[in-house]
Number of protein chains: 2
Amino acid sequence: MGFCRALSPNPGRWELLSAVFHRTDDFYGEVEIMAKKTAGLAGADKIGPLPRYRQVKEYILSRIESGELRTEMKIESENRLVELLGVSRMTVNRAIRELSGEGKLNRIQGVGTFVASQKPQSALLEVRSIASEINERGGVYSCDIRLLEEEKVKPSLALSMGIQPYSAIYHSIIVHMDNGVAIQLADRFVNPAIAPDYLLQDLSKISPNEYLLSLAPISEVEHVVEAVIPDSWIRKLLHINEAEPCLVLHRKTWVGCEVATESSFYYPGSRYTIGGRFTPSNRGSIQVT
Amino acid sequence: MGFCRALSPNPGRWELLSAVFHRTDDFYGEVEIMAKKTAGLAGADKIGPLPRYRQVKEYILSRIESGELRTEMKIESENRLVELLGVSRMTVNRAIRELSGEGKLNRIQGVGTFVASQKPQSALLEVRSIASEINERGGVYSCDIRLLEEEKVKPSLALSMGIQPYSAIYHSIIVHMDNGVAIQLADRFVNPAIAPDYLLQDLSKISPNEYLLSLAPISEVEHVVEAVIPDSWIRKLLHINEAEPCLVLHRKTWVGCEVATESSFYYPGSRYTIGGRFTPSNRGSIQVT
DNA sequence: CACTATTTCCTGTATATACAACAGATCCGA
DNA sequence: TCGGATCTGTTGTATATACAGGAAATAGTG
């Protein structure tokens, strides 16, 4: 009963299979889309294949990322995708509707669906590794780990993170550099309950962000920005003088209902800006979906 | 044919009506939900009532805003709302799914749907009026219009806004104050094609944001933040000395494919932070929905 | 040729139905 | 009383179907 979960004969590749059965009045026409190959993926605790609409989303995203679908190109119509993928139009519709809500596609009624133009970097709206950001810009990434230890958490921070005062917390201070120039100082407090092995990582190989993201998906993020003249020890590490302002990005992340990390990122004002582009949703004072 | 568009007998109020007809094989059971009263609303060029799933969203949002539904409260189940509102479950499902994607509701499979806790201010992710922000905090808003005129647009800005160099552009500089203390300096360039009457507005009565939002919905926003020591004329207007850093928020907005405004907002570093909270969507390096 | 009406293709919305997955309550027997 | 099976209510996904409405191509007409 239920779904027929065929396994791909071609496990190394992403593939959609369809197998439509005839239907009677109380039996569905059954269709199976192959699940994405999950071996080696983080978050593999999720059992079973992704739901079909998610598979359709992944299918389209992968075609965009592979370069097969370029910016501004028209993609197949919903009905064409129904034929190609062997799913119903409502399923395709949900996938494409969500993707266009996420800014990946644009739709025009009566005309078609188009690949949206690439949006610029949006460090304000994302959580991504500074290393990959530098690499994508063609820079040379390096880092300097100035601190990595267990501490007793101070009461104010404990309150904010929802843990016991003076219990253990992990603290790291890392200076990230592009071509040897300090670009960011990352001052992180990590909840041991979420990342018990944080101190054991080789953070020069895998960045804290990559490591933390690999443990569990972040369920919520809060970003607050501020302009300050930082303390002298920060000025020294970033090689800036006392007249140069700093942009500080405070980030707090949650995994489920627990606070996972609370960090501050200091950017030398003269060397960095942070941005993001988004589409406001449409009620009252306009907000991100 | 098609929908029966009943008018509300109670036009001053938001109301859901249901009128279910019997169905035959090729005729729908018809249901009508009253459209939101549109008289006096901006964007009234949209003809016809909102689609039903949007009406359901508005219905729930209005109940949250009115205080009837408080934070953490469980709301009606989908099937209950189907009965109450006279729409199908898929329609209710879409409405609630989108609301939970927007962070207004939380859903737990097998348990129910709950009103999400109020998220803090998110000036990073929204476009809202500084006046209403100050009023909500209980402050006393006032402003000082330092400039409001038509100028010839410089080539670099013209390029960025996609208009002819040295053509006309509107330029305003306004200092916003809370209890007489300067909180923000707004330096705005407005595309005359979008807001031809910008210069005629009484911007001390209606804030530029409110006015611009009333003209047309913003289709896209870009925010970039930066820390600077501002020019002396800005320091003077904000009453800060030359050692105090400033947070600058650069905002660019689009209406359709045209750039509508390009603005810079200066916040005294010691008096303001800007923040936003969001839920990352779940692909690759995590981004806003 | 120019202009209009029709057709066709596309997305947008709405519904009814069916089943899956999950959580909590309830029942029941050892 | 305990522990498991069963039931019930809830959300999550998938499908078939139908119609509305926009845009562009096409046919038809003067």
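## Terms and values

Student: What kind of model is this?

Tutor: It is a predicted model.

Student: What makes the relation between chain A and chain B that of a two-fold axis?

Tutor: Two copies of a chain are related by a rotation about an axis and a shift along it. Here a rotation of 180 degrees, with 0.0 Å of shift along the axis, places chain A on chain B with an RMSD of 0.2 Å. That is therefore the relation of a two-fold axis. The same surface serves both copies, as 98% of the contact residues of chain A recur in chain B.

Student: How many residues are in contact between chain A and chain B, and what area do the two chains bury?

Tutor: In chain A, 53 residues are in contact with 53 residues of chain B. About 4700 Å² is buried between the two chains, 53% of it on carbon and sulfur atoms. The rule finds eight residue pairs in polar contact across this interface, both residues being at pLDDT 80 or more. On the side of chain A that touches chain B, the elements giving two or more residues are α1, α3, β6 (220-228), β7 (246-255) and β9 (274-278). Of these, β6(A) gives the most, with nine residues.

Student: How many salt bridges cross that interface, and how many does the structure hold over all chains?

Tutor: The rule finds six across the interface of chain A and chain B. Over all chains there are 35.

Student: Why is the pair B:Glu98 and A:Arg97 called a salt bridge?

Tutor: Side chains of opposite charge can pair when their charged atoms come close. The cut-off is 4 Å between a side-chain nitrogen of Lys or Arg and a carboxyl oxygen of Asp or Glu. For B:Glu98 and A:Arg97 the closest N and O atoms are 3.9 Å apart, so the pair is within the cut-off. The pair crosses between chains, from helix α3 (residues 89-101) of chain B to helix α3 (residues 89-101) of chain A. Another salt bridge joins B:Arg277 to A:Glu220, with 3.7 Å between the closest N and O atoms.

Student: Why is A:Arg97 called buried, while B:Glu98 is called partly exposed?

Tutor: Buried means under 20% relative accessible area, and exposed means over 50%. A:Arg97 has 18%, so A:Arg97 is buried. B:Glu98 has 21%, so B:Glu98 counts as partly exposed.

Student: Which residues are linked with A:Glu98 in a network of salt bridges?

Tutor: The network links A:Glu98 with A:Lys57, A:Arg94, A:Glu102 and B:Arg97.

Student: What is the N to O distance between B:Glu78 and B:Arg89, and what does the pair tie together?

Tutor: The distance is 2.4 Å, and the side chains meet in a salt bridge. B:Glu78 lies in helix α2 (residues 78-85) of chain B and B:Arg89 in helix α3 of chain B, so the pair ties together parts that are 11 residues apart in sequence. B:Glu78 is buried at 9% relative accessibility, whereas B:Arg89 is partly exposed at 47%.

Student: How do you know that the buried residues of α2(A) line one face of the helix?

Tutor: The buried residues of helix α2 (residues 78-85) of chain A are A:Glu78, A:Leu81 and A:Leu85. Seen down the axis of α2(A), they fall within an arc of 60 degrees, so they line one face of the helix. A:Asn79 and A:Glu83 are exposed on the other side of α2(A). The cover over the buried residues includes α1 (52-65), α3 and β1 (105-108) of chain A. Just after α2(A), A:Gly86 has a positive phi of about 70 degrees.

Student: Where is A:Gln164 found, and is A:Gln164 buried or exposed?

Tutor: A:Gln164 is in the loop between α5 (155-161) and β4 (168-178) of chain A. Its relative accessibility is 58%, so A:Gln164 counts as exposed. Leaving aside neighbours within four places in sequence, A:Gln164 is in contact with A:Val153 and A:Ala158. The C-alpha atoms of A:Gln164 and A:Lys152 are separated by 9.7 Å, and the two residues are 12 residues apart along the chain.

Technical notes:
Residues numbered from 1 in each chain as written. Chains lettered and ligands numbered in written order. Heavy atoms only, no water. Helix = DSSP H or I, 4+ residues; strand = E, 2+ residues; numbered from the N terminus. Buried < 20%, exposed > 50% of the residue type's maximum accessible area, 1.4 Å probe, protein only. Least-squares fit on C-alpha atoms with pLDDT ≥ 70 in both. Contact = heavy atoms within 4.5 Å. Arc of directions from axis to C-beta. Buried area = accessible area lost by both parts, 1.4 Å probe. Polar contact = N/O pair within 3.5 Å; in protein donor to acceptor, adjacent residues only side chain to side chain.
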